[in-house]
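The following briefing concerns one protein model. Please inspect the sequence and the coordinates shown below before turning to the points that follow.

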Amino acid sequence: MACQSVAAVMDEQALLGLNPNADARYRQRAMAYFEQLKESQDAWEVCAEALAKGIYSDDHVKFFCFQVLEHQIKFRHAGLSGVQQQLIRETLMKWLQCQLMNAQPEKPFIRNKAAQVFALTFVMEYLTLWPKFFFDILSLVGLNPHGVDVYLRTLMAIDAEVVDRDILHAPEETRRNTLIKDTMREQCIPNLVESWFQILQTYQLSHPELTCQCLEVVGAYVSWIDLNLIANDRFVNLLLSQMSVEELREEACDCLFEIINKGMDPMDKTKLVESLCQVLQSAGFFNVDQEEDVDFLAKFSRLVNGMGQSLVLSWTKLAKSGNVKEAAETLQAMEAKVPLLLQLLVHEDDDISANIVGFCYEYLHVLKQLPQLTDQQKANIEAIMLAVMKKLTYDDEYNFENEGEDEAMFVEYRKQLKMLLDRLAQVSPELLLEAVRRVFTNTMQSWQTAPFMEVEVAIRLLYMLGEALPASHGAHFSGDTAKTNALQDMMRTLVSCSVSSYQHSSVSLEFFETVVRYDKFFIVEPQHIPNVLMAFLDQRGLRHNSPKVRSRVAYLFSRFIKTLHKHMNAFTEDILTRIQDLLELTPPENGFAALLTSDDQLFMFEAAGVLIVNGESPAERKQALMRSLLTPLMDAFRLLLAKLPLETEEERQAALADCLSHAVGFASRTSKAFSNKQTVKQCGCTEVYRDCLQTFLPALSCPVQRGVLRSSVRSFLHRMIICMEEEVLPFIPAASEHMLKDCEAKDLQEFIPLISQITAKFKRQVSPFLQQVFMPLVLAIFEVLARPAEDNDQAAALEKQMLRRSYFSFIQTVTGSGMNEVMANQGAENMERVVFTIIQGAVDFPDPIAQKTCFIILSKLVELWGGKDGMVGFPDFIYKHIVPACFLAPLKPTFDLSDAQTVLTLSECAVTLKMIHLKRVKTVFL
């Protein structure tokens, strides 16, 4: 290498930019210098020499040099000369030699980067140029602590490059990695294992951090090396001795866990687990109550979980292969771990408990497969059941009003416990039902004096039975008499013991959740409905002091009413009176915080609609009730709409527009109560909703906040088309005219489904209107699509693509509804223009969804106008444009037949050609 001194060759000014505190100019120069060194054929060699000779003391410069080397090895190794490859090897070994002599080790981030570079070099050269990689490193470092540290870090970096299953590799890399592992097994793994043993033995007292690193390496490598090298008395006894060293035991636990997880013969696995357990038990590790270190116990719990799951897997294999004796021995070994499992499951620390859930779940699965349970197994089931019930309980520190990370973790942990409860129900439903009944009954008898967490968990258990003991369509109160009677008794107790008055939000929520889960109970015992309704309507529910409870109860109330509407007739008007204040529109200038949010109010309006529509009152009374429900909304809407154009502040305008949008949404939500059995007309409510339309439609011409207002009114029109039938038709022309003024791509895209819905529903009834609106709509679409947009504006491009799809979908609806006169009466020039856009859509735009729609339209047009009675001149159009389109589209480079939508497009293309053949052959021969 030709250079006098590295200091002279390297760009010192650029190196200043490596400091995190350097200004932007220097940092930019450093980046440029990095790129220069990476791309140069030999400039990187100065970095190699700087590392080999230890010229720079600045950590950032050292890291920089390793980064340059890393790039050469990773991306340019094959292009390096033999001399350059040798230079990299020598650089690494010289740098490593320097580490042995340094009083202080390098910073961890430099050692990690060095290890990555060692690992990359290993991957590139081990099979060819550097077969003695490990021999060279071990010979150099011996048992020097600094050297051993780099050696262990390198082994972990090699694991990441070659073994780690979480990293995706190309097939060629996977084959190379397999070959590397095979070669290592043949040539050096025994030597590596011996080095690990020596490191563990030498440094367990003097350098615990090195010992922990080594244990991590053993755990990583044990999955693919010969287990006999590790699972022998010498090595395992060393690991077990380290379980007693405070600084090492967590890492030793993880290492033993990896050994246990290694795949092997089922009986050998059972013997290995049993021998480990005997040593751990005799050393006192099974006395969980006496251990105060929860971090260690979490690791120990994971180890026990691994041992338990290994025994379950062994038992499954042995049982399947018919080894009755050995399967029985393994089952006995598994059962012997249950007392330890229970200690860990019931531990007050949830992490320790969560780590053993897997073994517990799989043990219960084993019991489920046994033909008959012993008394001990039944006792185990009951003990697990009690542990789960205890662990489901909230602790005092849970923050219900401001749930953070700890609370989220407990919610996830509860989900794991629910899985156990469901599995318990599969193993022994009778035991679970009886246990829950006992806990529930005892708690409800003394709920006034019980802590909130006990009351909540008692109701929660009743709630969870609904999924643990499933019933078809929630029919928990028919069929199996024992289960039905137990659930009915518990529900009767729940709704009659006044526990709904308990002053804690978690109990309130659980009460209402359970009432709604078992809402069919009230069909069997409707006498309890009034009490529950009052709970919903007063300070226990909708007027609770917690916004979270009020919000959830609004939704649950809606569900309760929908299920039991047939039983609500006697209470309808009383309920509507009591919830009247909750249905008020809250204008932004009010200043008072409403009890319910606008989203919550949607459920309330839906519930009110259900009560009115499904009641047994005559149509006149239903109309009066619906009018009294909707008139306040209409009045408030008119007032706010008059204010909106006068407002000058953008924020205030937006608030008013939102309020207007909510009013329309509430009215729309009431219409969800109607059905084929109870239509708007039958309920006498047509006039009320007509008044709503007359009130809301003027919002379409409001000059400000058009997006929000148009969207809400459009949604209301969608609902009215479904509910009001032809009564809505007189309002459509004026609404359409307003919605087509000054519109953007998104407005049109949302308006087209409305017109398509009207077309599909009313067909010839709306033909005159469609003929009138067709060209204005089409021209508005053309105008928006023709607007220029920046090349890199992906959002605008996507909006145009979606609008184009909507346009083609609209044309398809018109042609598919048998109204060919709508297009035929637009005049020859307009007609030709429209049909050419269909040809263009079929061929020119690489959007298979739109192309498929276009070919469906073309096929339909050929069917309508391609025969002898068809439109004049259309046969010529078929031959000049449609037939070529059927061939040009598939010939486009963007026509990707590996895409499912494109295959469907090709199919429609073929259908179009078939239709042409059918119509034209018949015509020609006739």
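**Packing around helix H28**

The buried residues of H28 pack against H25, H26, helix H27 (521–524), H29 and helix H30 (572–578). Here contact means heavy atoms within 4.5 Å, and buried means under 20% relative accessible area, with exposed over 50% and partly exposed in between (1.4 Å probe, protein chains only). Helices (H or I, at least four residues) and strands (E, at least two) are DSSP runs, numbered from the N terminus.

The model is predicted: local features need pLDDT of at least 70, side-chain atom pairs count only at pLDDT 80 or more, and totals for chains, interfaces and linings use all residues. Residues are numbered from 1 along each chain as its sequence is written, and side-chain values use heavy atoms, with hydrogens and water left out.

- The buried residues in H28 are Ile529, Val532, Leu533, Ala535, Phe536 and Leu537.
- Phe536 has a relative accessible area of 0% and is therefore buried; Phe560 is likewise buried, with a relative accessible area of 0%.
- The ring centres of Phe536 and Phe560 are 5.1 Å apart and their planes stand at 40°, so the pair is tilted. Rings of Phe, Tyr and Trp (its six-membered ring) pair if their centres lie within 6.5 Å; planes under 30 degrees apart count as stacked, over 60 as edge-to-face and the rest as tilted.
- This pair links distant parts of the chain, with Phe536 in helix H28 (residues 529–537) and Phe560 in helix H29 (residues 547–564), 24 residues apart.
- One aromatic cluster is formed by Phe477, Phe511, Phe512, Tyr518, Phe521, Phe522, Phe536, Phe557 and Phe560.

- The structure holds 43 aromatic pairs. One of them, Trp447 with Tyr502, is tilted, at 6.1 Å centre to centre and 55° between the planes.
- Trp447 lies in the loop between helix H23 (429–445) and helix H24 (452–468), and Tyr502 in the loop between helix H25 (481–496) and helix H26 (505–517), so the pair ties together parts that are 55 residues apart in sequence.
- Trp447 counts as buried at 10% relative accessibility, and Tyr502 is buried at a relative accessible area of 13%.

- Ser498, a residue other than glycine, has a positive phi near 70°. Ser498 lies in the loop between H25 and H26 and counts as partly exposed at 40% relative accessibility.
- Glu725 is not a glycine either, yet has a positive phi of about 55°. Glu725 is placed in the loop between helix H35 (706–724) and helix H36 (732–739) and is partly exposed, with a relative accessible area of 34%.

**Whole-protein figures**

- The protein contains 44 helices and zero strands.
- The radius of gyration of the protein is 38 Å, whereas a compact globule of 926 residues would have a value near 29 Å. The radius is taken over C-alpha atoms, and the globule rule is 2.2 Å times the number of residues to the power 0.38.
- Along the principal axes, the C-alpha atoms fill a box of roughly 95 × 80 × 65 Å.
- Of the 926 residues in the protein, 51% are buried.
- Among the contacts with a separation of 6 or more, 73% are between residues 24 or more positions apart.
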